[in-house]
Protein chains: 2
Amino acid sequence: MASQNPTDAAASGAAAPTTLPDRTQNPADNQAGESKNAAKKAEKAAKHAAGVKTEGKKEAKKAPKKKVDGAALIGIDASKEENFPDWYQQVLTKGDMLDYYDVSGCFILKPASYFIWEEIQDWFNKKIKKMGVKNCSFPLFVTEDVLQREKDHIEGFAAEVAWVTHAGSTPLEKKIAIRPTSETVMYPYYSKWIRSHRDLPLRLNQWNSVVRWEFKNPQPFLRTREFLWQEGHTAHLTEDAARKEVLQILDWYADIYSELLAVPVVKGQKTEKEKFAGGLYTTTVEGYIPATGRGIQGGTSHGLGQNFSKMFNITVEDPSAKPGEQKEPLHVWQNSWGLSTRTLGVMVMIHSDNKGLVLPPRVAETQVVIVPVGITAKSTDEDREKLYAEIDGLVTVLEAAGVRVQSDKREGYSPGWKFNQWELRGVPLRLEFGPGESAGHFVTTARRDIPGKEGKSTLPIADLVSGTTALLETIHTDMYNRADAEFKAHRPLITNWDDFTPALNAKNLCLVPFCLQMDCEESIKNQSARKAEEESGEVTDAKAPSMGGKSLCIPFEQPEGIEPGVTKCINPSCSNFAEKWCMFGRSY
Amino acid sequence: MASQNPTDAAASGAAAPTTLPDRTQNPADNQAGESKNAAKKAEKAAKHAAGVKTEGKKEAKKAPKKKVDGAALIGIDASKEENFPDWYQQVLTKGDMLDYYDVSGCFILKPASYFIWEEIQDWFNKKIKKMGVKNCSFPLFVTEDVLQREKDHIEGFAAEVAWVTHAGSTPLEKKIAIRPTSETVMYPYYSKWIRSHRDLPLRLNQWNSVVRWEFKNPQPFLRTREFLWQEGHTAHLTEDAARKEVLQILDWYADIYSELLAVPVVKGQKTEKEKFAGGLYTTTVEGYIPATGRGIQGGTSHGLGQNFSKMFNITVEDPSAKPGEQKEPLHVWQNSWGLSTRTLGVMVMIHSDNKGLVLPPRVAETQVVIVPVGITAKSTDEDREKLYAEIDGLVTVLEAAGVRVQSDKREGYSPGWKFNQWELRGVPLRLEFGPGESAGHFVTTARRDIPGKEGKSTLPIADLVSGTTALLETIHTDMYNRADAEFKAHRPLITNWDDFTPALNAKNLCLVPFCLQMDCEESIKNQSARKAEEESGEVTDAKAPSMGGKSLCIPFEQPEGIEPGVTKCINPSCSNFAEKWCMFGRSY
């Protein structure tokens, strides 16, 4: 019973008994696991779900259609290869990362995912604080007036702004917006606070949530109406100082992906068409989801130039002015940069498999789980106690070394069932410990990232700490390298237009020679969408065929081969020469 | 020019020149500090302020009335003793803790205050995580349906709930609330997630902001429409386990006040009248603001009992049931506990003085500032460079020891001006270092908490680290002890009703024998309000005289003297016997 929708379960009378309590599944599934009490709950939950749904039509979409009769299954019953959307949803909910919420587009970040977000916060806070960035907190609300101060900027957000109009039953004098981002919230105060060039650079950051009421189909972590992020907003005296920071932040964003999440990204600059509304230029880290062949924007660091400082009158006197000399005041150079919980979605989509989550070891809340094995009907209580005591010892030793470890000594669950559950939750490394291991002074190791026998080995107890920490690092590196190889294999250089859409259909992002012009980019997107529709048939991603290829970034690392004034733009209906290799693809 | 309202400055043509750039004041003040550019800004700021004000009438209140002509003053020009509200506002804004925002009741937490909040977060996270609490993130929004599930609870919040009704220009099908607290947001999911007694205790916490659209006059940190806090929500199998946690959390709240903020609090239980709406009992830490003689609730830890678990159907099967035996399912015992940025307001109100902020050293972002002194017109560049190099050395040594230190080598500012500025910002310890100190191998120390000569001393360079860290600890202890002595001196035992209101008027909280009955409590409040009005005249806090004394808590630490069945309740119109000493007072 894989349905996300509690009503399905209630309707089909999900009360079939099962021998194993199940804490990993969604409520509908779980009804099967307990008796009368649980059945009542199912009914209540169903009523609840029916009653509070705010946008029922959309909600329905997220419920996987396939049903499995009989006892609840602990595992994922949708395949990553065949039914990616259902797979993704199940991996998240059964892996205890996230739960759906009764306001569409909003999700609950459960401790397993929030822990990873905290790890990202800690890491990034250390970096930015050392650079002189300070954390602060600006209000959630913004007035209509201020929100609309920068026209290009608000155009990018206006349709998605959530408006508060009432407090209790009292209408507000003027409606108030919930921030979709904080440029216009913060910059009036930058104008107040920045009195002199000595106040520069001003570097503030906040960890908060913003609201963008998108009407497209929501997707956990990737497209949500409220999401957690950090937003940095800085002001500098010179363009050069601002640019250095933009690139430094982008490097750290890339590091968060590669060093913490074991995810490869391509660093580059957005085209004019895709840059941040109201900014001067946007740099980005772009990821790749192999299962769908789509690109995904991973985090952006914007050079805002002087557009906002002119709009909000953020100026300082020219420090080069001599005493008494009148010089025009200088508008500051601003940046803004943001990274969101989308990171977690990208991580899950890339690494996880049909057994569930696969978490990168550096950020996994539980890095190692120790499962007792080999306890049989013939084992005495003494045998068991001795084994458990030894396991406690292993835990103590690993904990002391800073490894996040737990043991699973629950009674009434078979080792196999436990293995499945910890695999579902993505714990990077399992240690098995039974009488055999005890006698031989070793532990059996099983890597989450390499399923089956290939991922199993042994480790002498004498090397427990060094071996475990080394193995965790190896897992990280291997996860990164596999994802990196996959990404590299799927970003071919395409110079012939006829190869473009077939390459997209073969789940590639494409590096193409491109003139960088906005109308040409639009034309490429439209043509590839049409072409893809004509040629489609073999692509598993249902929505992809009709989706055109859009520019993802102009990679900083440019391959050779573009000769100025010689190489043509890839678009057959464009007469311009190519300026750069640009990465195009279908995207999230 | 102390006005908070930018229009005042613009109207009075605030362009008087001053020799010192001023980064500490509010925008109106600061217009004086810069030339043409600044004057233009002032005008723009004034227009801005006039244009975006959402609730002009209320906003006007927060602008101090008193004006000072001529050059901008760096310091506080309202006295803590004579004009507490203006003083508080100036200490916060000029001390760089906070700025006012153009949505009434919302405030900007600047880095100096947010740093302290982060220190509180770090400290509390360590404690609760060790206990098994996990952080997570629930959505900002809640449906009307779910919000209203628990009737008593919603009654406590209904009038203050902010409602989102539109996204862009599209009306929502159903209006959606912004959480005023998360009980009803979270508990439907507790019902889903808690399947078995093995899932207990479930302990979740989140650091977020909530919105309560109060219509009373807002006050920074103390009463704000959006505020930051943590809210812990836990579920337990037994009442006893739940109660243990309630008290453990309360102890940690008290520790945050005493160990981090150097603020004494009284631990106790709220009366039935003052307990959390929908809960079983509420424990609290109560603080005391000497300047106004009012009590202030500092943080609450609620035992919710089974009320919410019955409402939201959060049950487990009875673990004492034998296989096959049918027993009634058990409703879990729940707690919720919250601590907010109000902590920062209490800290400021208690410790700060007429020179500005006084920050407790354990949480101050800058614990030590080193100011060069004794550089005169006769000093050579060489002299200066030598001194600065030595100061850099002191910084390095202190930083290596984990002291948060900075030096102030700005040119063009006199040492006296710098002293004032760092005092305004509340840096706990100033080290002065000049040629005399250099020659004598010592630093001059000046404590922020003891103004003037009394707080000055010297410290041999050889003892720099040990001396500095010891002095910071002494400052913490002394700050706590002074505040504690003041609190103790202002919570007399009052057994005679005639002494009650005079004691309130003399800025006391009163411990009185009390019957604990709700109607009696109401009667005490009303009678003391009337009485106070008759007798008023000598109280500086303008609002206090008409404010009755309400119950703050029943302190855990009960003085002797109440004899069951003998001691009468203090209320002359009450015929009950006293049950407990209860702390009454005027309060925030």
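This is a predicted model: local features need pLDDT of at least 70, side-chain atom pairs count only at pLDDT 80 or more; totals for chains, interfaces and linings use all residues.
The buried residues include Phe84(B), Trp87(B), Tyr88(B), Val91(B) and Leu92(B). Asp86(B), Gln89(B), Gln90(B), Thr93(B) and Lys94(B) are buried as well. Just after the helix comes Asp96(B), with a positive phi of about 70°.

That brings me to backbone angles. As background, most residues other than glycine have a negative phi, and most peptide bonds are trans. Here are some exceptions.

Phe221(A) is not a glycine, yet its phi is positive, about 70°. Phe221(A) sits in the loop between β7 and β8 of chain A, where β8 is residues 226-236. Is Phe221(A) buried or exposed? Its relative accessibility is 5%, so Phe221(A) counts as buried.

In chain B, His441(B) also has a positive phi, near 55°, and is a residue other than glycine. On the chain, His441(B) falls in the loop between α15, residues 435-440, and β18, residues 442-447. His441(B) has a relative accessible area of 56%, so this residue is exposed.

Next, the peptide bonds. Which kind of peptide bond joins Leu200(A) and Pro201(A)? The bond is cis, with omega about -10°. Pro201(A) lies in the loop between α9 (183-193) and β7 (202-211) of chain A. In chain B, the bond from Leu200(B) to Pro201(B) is cis, with omega near -10°. Pro201(B) is in the loop that runs between α9 (183-193) and β7 (202-211) of chain B.

Now a loop with a side-chain contact. Ser379(B) belongs to the loop between β15 (368-372) and α13 (381-400) of chain B. With a relative accessible area of 17%, Ser379(B) is buried. A polar atom of the Ser379(B) side chain is 2.8 Å from the backbone nitrogen of Thr376(B).

On to the cysteines. Cys553(A) is buried, at 0% relative accessibility. For Cys510(B), the closest cysteine sulfur is in Cys582(B), at 11 Å, again too far for a bond. Cys510(B) has a relative accessible area of 0% and is buried.

My last stop is Leu250(B), in helix α10 of chain B, residues 239-260. What does Leu250(B) touch, leaving out residues up to four places away in sequence? Its contacts are Lys267(B), Gly268(B), Thr283(B), Thr284(B), Val285(B), Gly299(B), Ser301(B) and Phe556(B). Leu250(B) is buried, with a relative accessible area of 1%. The C-alpha atom of Leu250(B) is 8.4 Å from that of Trp337(B), and these two residues are 87 residues apart along the chain.

That is the end of the tour.

Terms used
Residues are numbered from 1 along each chain as its sequence is written. Chains are lettered from A and ligands numbered from 1 in the order in which they are written. Side-chain values use heavy atoms; hydrogens and water are left out. Helices (H or I, at least four residues) and strands (E, at least two) are DSSP runs, numbered from the N terminus. Buried means under 20% relative accessible area, exposed over 50%, partly exposed in between (1.4 Å probe, protein chains only). A polar contact is a pair of N or O atoms within 3.5 Å; within protein, one must be able to donate a hydrogen and the other to accept it, and residues adjacent in sequence count only if both atoms are side-chain atoms. A disulfide is a pair of cysteine sulfur atoms within 2.5 Å. Contact means heavy atoms within 4.5 Å.
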